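Student: I'm new to this one and would like a guided look at a single part of it. Please start with a bit of background, then zoom in.

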Amino acid sequence: MKIRLCKYIILVIFSAIVLGAEAAVNDYSKEHPLLFGIDMDYPPMEYIDENGKPSGYDVEFTNELMKRLGIPFTFSSNTWTNIAGDVIAGRVDLAMMVYSPYRKDSTNYSKAIFRLYYQVVYRKKDTCRYDIRNMTNKRVACMASRLALLV
């Protein structure tokens, strides 16, 4: 269920890109592909696998979407802290970022289709501050609340 929900959310986000991407079909070629910036360490969404290959849900959907649109593209991986700078400096053409007021004047955002929020709750006595990135090998309880429904 969670994987299907994640895939649906990503599909919705990428669908928003389609509107602007149709005009881009003729702007990119095999010699000059669209550069899609991804976070090299954000599994399961996007990451570089043990073979050095871009992987994750975002990568799977980007591959499928760009194939259907006929837009030649390639991935450019970087650390999350540098991705916004890559977009602003023109080193990459697209990246997935949550809206941020400090970037609003230097980047173009698509209209928000869906927002996903999460909270990680842990015991006060735990010395480690947990977030999504450092939950490896931890036991996690999840609460099902509002579900995204396909309408």
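What percentage of the 151 residues in the chain do buried residues make up?

Tutor: Buried residues come to 29% of the 151 in the chain, where buried means under 20% relative accessible area, exposed over 50%, and partly exposed in between (1.4 Å probe, protein chains only). Keep in mind that this is a predicted model, where local features need pLDDT of at least 70, side-chain atom pairs count only at pLDDT 80 or more, and totals for chains, interfaces and linings use all residues. Residues are numbered from 1 along each chain as its sequence is written, and side-chain values use heavy atoms, leaving out hydrogens and water.

First, where does β1 sit in the overall layout? The chain has three helices and six strands, and along the sequence they follow the pattern α-β-β-β-β-α-β-α-β. These are DSSP runs numbered from the N terminus: helices are H or I with at least four residues, strands are E with at least two.

Now zoom in on β1. Five of its six residues are buried, so the strand is largely enclosed by the rest of the structure. As for its neighbours, β1 pairs with β5 in the parallel sense over six bridges; two strands count as paired if DSSP finds at least two bridges between them. In that pairing, L35 stands opposite T74 of β5. β1 is also joined to β6 (residues 94-95) by two bridges, again running parallel, and there G37 stands opposite A95.

Next, follow the side chains. The largest nonpolar core holds 11 residues: Y28, L34, F36, I38, V59, L65, M66, L69, I71, F75 and M96. Such a core is a set of buried Ala, Val, Leu, Ile, Met, Phe, Trp, Tyr and Cys residues joined through side-chain atoms within 4.5 Å.

A search of the whole structure finds two aromatic pairs, meaning Phe, Tyr or Trp rings (the six-membered one for Trp) with centres within 6.5 Å; planes under 30 degrees apart are stacked, over 60 edge-to-face, and the rest tilted. F36 and F75 form an edge-to-face pair, 6.2 Å centre to centre with 75 degrees between the planes. This pair links distant parts of the chain, as F36 lies in β1 and F75 in β5 (residues 73-78), 39 residues apart. F36 is buried at a relative accessible area of 1%, and F75 also counts as buried, at 18%. F75 has another ring partner: the centres of F73 and F75 are 5.3 Å apart and their planes stand at 90 degrees, so that pair is edge-to-face. F73 itself is partly exposed, at 21%.
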